[in-house]
Amino acid sequence: MKIDSFILFQDITTTAHIVQAIQAQAEGGKTFLLMKEGSEMPDIKGCEPLFIDQLQSSASIKTIVESAASPYFLLYSKESELQLENNALQRLYETARQTQAGIVYADYYEKKGDSIEAHPQIDYQIGSVRDDFQFGSLLLINTEAARKAVAQTASNYNFAGLYDLRLTISQKHPIVHLAELLYTEVEQDQRTSGEKQFDYVNPRNRAVQIEMEQACTEHLKAIGAYLKPQFKSVDFNTETFKMEASVIIPVKNRVSTICDAIASVLAQKTTFPFNVIIIDNHSTDGTSEAIEKVAASDERVIHAIPERTDLGIGGCWNVGLNHSNCGRFAVQLDSDDVYSRPDTLQKIVDAFYAQNCAMLVGTYQITNFQLQPIPPGVIDHKEWTPDNGRNNALRINGLGAPRAFYTPIAREIAFPNSSYGEDYAMGLAISRNYQIGRLYDVLYNCRRWEGNSDAALSIEKVNKNNLYKDGLRTQEINARIQMGL
């Protein structure tokens with residue numbers, strides 16, 4: 001079990017401990033310390049320096065792969081202490097050999113301050129193309145598979161080299177999750193899940209995202225899942241509607257916010273008739289009574305209570321879409337949130353006709369409940385481009401808000417009956433054939449509170465959500481591959 005190892009140099013004490021732990025299990029493989037050019041080689045026995053710019057670059061990946069001589073090499077990608085469980089490398093090696101894996105990763109323990117918690121991972125699948133897929137910091141990589149991947153890649157990335165390597169390896173070899181807790185790493189990013197989720201739309205990360213999109217697009221082309229910028233035209237006159245637009249608000253037990261949401265709809269100024277359909281999912285906290293009170297004073301407010309009691313947000317959306325009073329365009333509003341301007345509906349409907357799209361996504365501002373902006377501020381998803389947006393949509397974790405749909409097409413596709421990712425599923429399915437339009441004016445205030453679904457999730461919940469969206473991507477990628485056959 002000869003394994004070469006590549007370790008990011010940190011400080012001499014920490015790195016020496018990591019080297020000792022790995023060499024005790026690697027049985028004679030070479031150990032390379034990944035260091036900045038010009039750095040002084042530390043006095044750590046049995047190590048060779050390997051000078052790179054940054055781990056994520058194509059040049060660094062090529063240097064690492066060309067230096068590996070054993071059938072498999074170990075990459076430790078974190079600048080913190082590492083502790084290996086007994087026989088950890090043996091388990092990784094045997095799994096790789098038995099499965100012919102290109103990459104093997106494992107569950108691990110995560111040290112946060114004085115606490116240590118198990119950090120289970122999720123399985124990799126064809127739809128796991130997002131660049132933030134969590135492998136942990138310890139990867140065992142098939143050297144021959146990595147060499148072929150490096151030779152196949154023509155692009156020279158500054159930031160997407162490691163991402164491109166695993167995508168390219170996955171085209172010919174399985175990426176295998178070993179569901180065993182094999183090591184302990186120190187978690188340095190202490191932010192909550194809600195704080196991390198917008199990293200990819202941070203303008204400071206724009207150069208990174210451009211490269212990630214390019215790498216993902218090349219991967220989709222290689223596996224036959226890339227879609228050219230050719231879209232079906234949308235005929236907005238296939239059906240007759242009493243209303244031009246309907247705002248759909250699924251709600252359950254939001255008595256403190258639902259009236260604000262409704263009021264922001266009724267304040268809209270438009271040249272066309274509209275209504276608001278509230279799908280009250282059997283509220284028990286006074287929400288139903290609050291809706292009834294508003295509905296009694298304004299005929300534009302429709303209070304609908306589903307017959308079924310097993311509906312998620314997606315199921316409630318289907319009820320709204322198929323309501324007899326639903327308009328030509330169905331526009332999203334969450335029960336916690338409010339439109340930020342009185343021309344939101346007008347802008348959305350005008351954009352449908354101007355851009356000939358079957359779905360439209362706007363821009364929103366994250367605020368507190370006093371409508372004061374809070375970090376990360378405006379979420380505009382400017383990574384979306386008309387030509388490549390539907391391909392890049394497979395890489396990112398969301399499409400933005402507020403969302404609106406041409407009702408006949410949304411009815412035909414239907415939302416999955418889930419309360420997470422239902423809008424993403426609809427967006428992917430629509431984008432397979434139709435253009436998704438964009439508006440970059442702030443149309444919507446997303447009010448955050450601690451109870452929001454994505455504020456601070458447990459690792460089990462994060463994994464469940466990520467696994468679900470990866471599954472959606474797998475379905476979509478397979479559907480797109482079938483389109484090209």
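Visitor: Let's start with charges. How far apart are N and O where the side chains of Asp423 and Arg403 meet in a salt bridge?

Guide: The idea is to look for a nitrogen of Lys or Arg within 4 Å of a carboxyl oxygen of Asp or Glu. Keep in mind that this is a predicted model. For Asp423 and Arg403, the N to O distance is 3.1 Å. Asp423 sits in helix α14 and Arg403 in strand β17, so to speak two distant parts of the chain, 20 residues apart. Both residues are buried.

Visitor: Where in the chain are the partners Arg395 and Asp131?

Guide: Both are in loops: Arg395 in the one between α12 (389–392) and β17, Asp131 in the one between β7 and β8. That salt bridge brings the closest N and O atoms to 2.4 Å, and it links positions 264 residues apart.

Visitor: Are those two buried or exposed?

Guide: To judge that, take under 20% relative accessible area as buried and over 50% as exposed, with partly exposed in between. Arg395 has 2%, which means buried. Asp131 has 24%, so it counts as partly exposed.

Visitor: What about Arg91 and Glu180?

Guide: Their side chains form a salt bridge too, at 2.6 Å from N to O. Arg91 belongs to helix α3 (residues 88–99) and Glu180 to strand β9 (residues 175–186), 89 residues apart. Arg91 is partly exposed at 32%, and Glu180 is partly exposed at 26%.

Visitor: How many salt bridges does the count come to?

Guide: It comes to 21. Some join up: Arg130, Asp132, Asp470 and Arg473 are linked in a network.

Visitor: Now a charge without a bridge. Which side chain of opposite charge is nearest to Asp280?

Guide: Lys252, and it is 8.5 Å away. When you meet a buried charge, check its polar partners as well as its charged ones. Asp280, in strand β11 (residues 274–280), is buried and has no salt bridge, but its side chain makes a polar contact of 2.4 Å with that of Ser288. The residues touching Asp280 also include Val251, Ile291 and His303.

Visitor: And rings? How do I read the pair Phe6 and Phe32?

Guide: Check two things, the distance between centres and the angle between planes. The count comes to 21 aromatic pairs. Phe6 and Phe32 are stacked, 4.8 Å centre to centre with 5° between the planes. They connect strand β1 (residues 3–8) with strand β2 (residues 31–36), and both are buried.

Guide: Tyr105 and Phe135 are edge-to-face, with 85° between the planes and 5.0 Å between centres. Tyr105 is in strand β6 (residues 103–112), Phe135 in the loop between β7 (115–119) and β8 (138–142). Tyr105 has a relative accessible area of 0% and Phe135 has 10%, so both are buried.

Visitor: Which charged end sits over the ring of Tyr424?

Guide: That of Lys469, 5.0 Å from the ring's centre. Lys221 likewise lies over the face of Tyr226, 4.9 Å from the ring centre.

Visitor: Last one: why is helix α10 called largely enclosed?

Guide: Count its buried residues. Seven of the nine in α10 (residues 313–321) are buried, so the rest of the structure largely encloses this helix. Among them are Cys316, Trp317 and Leu321. The cover includes β10 (245–251), β11, β17 (403–406) and α14 (422–431).

How values were computed: Residues are numbered from 1 along each chain as its sequence is written. This is a predicted model: local features need pLDDT of at least 70, side-chain atom pairs count only at pLDDT 80 or more; totals for chains, interfaces and linings use all residues. Side-chain values use heavy atoms; hydrogens and water are left out. Helices (H or I, at least four residues) and strands (E, at least two) are DSSP runs, numbered from the N terminus. Buried means under 20% relative accessible area, exposed over 50%, partly exposed in between (1.4 Å probe, protein chains only). Lys and Arg count as positive and Asp and Glu as negative; His and the chain ends are not counted. A polar contact is a pair of N or O atoms within 3.5 Å; within protein, one must be able to donate a hydrogen and the other to accept it, and residues adjacent in sequence count only if both atoms are side-chain atoms. Contact means heavy atoms within 4.5 Å. Rings of Phe, Tyr and Trp (its six-membered ring) pair if their centres lie within 6.5 Å; planes under 30 degrees apart count as stacked, over 60 as edge-to-face and the rest as tilted. A charge sits over a ring if NZ of Lys or CZ of Arg is within 6 Å of the ring centre and within 35 degrees of the ring normal. Lists of a residue's contacts leave out its neighbours within four places in sequence.
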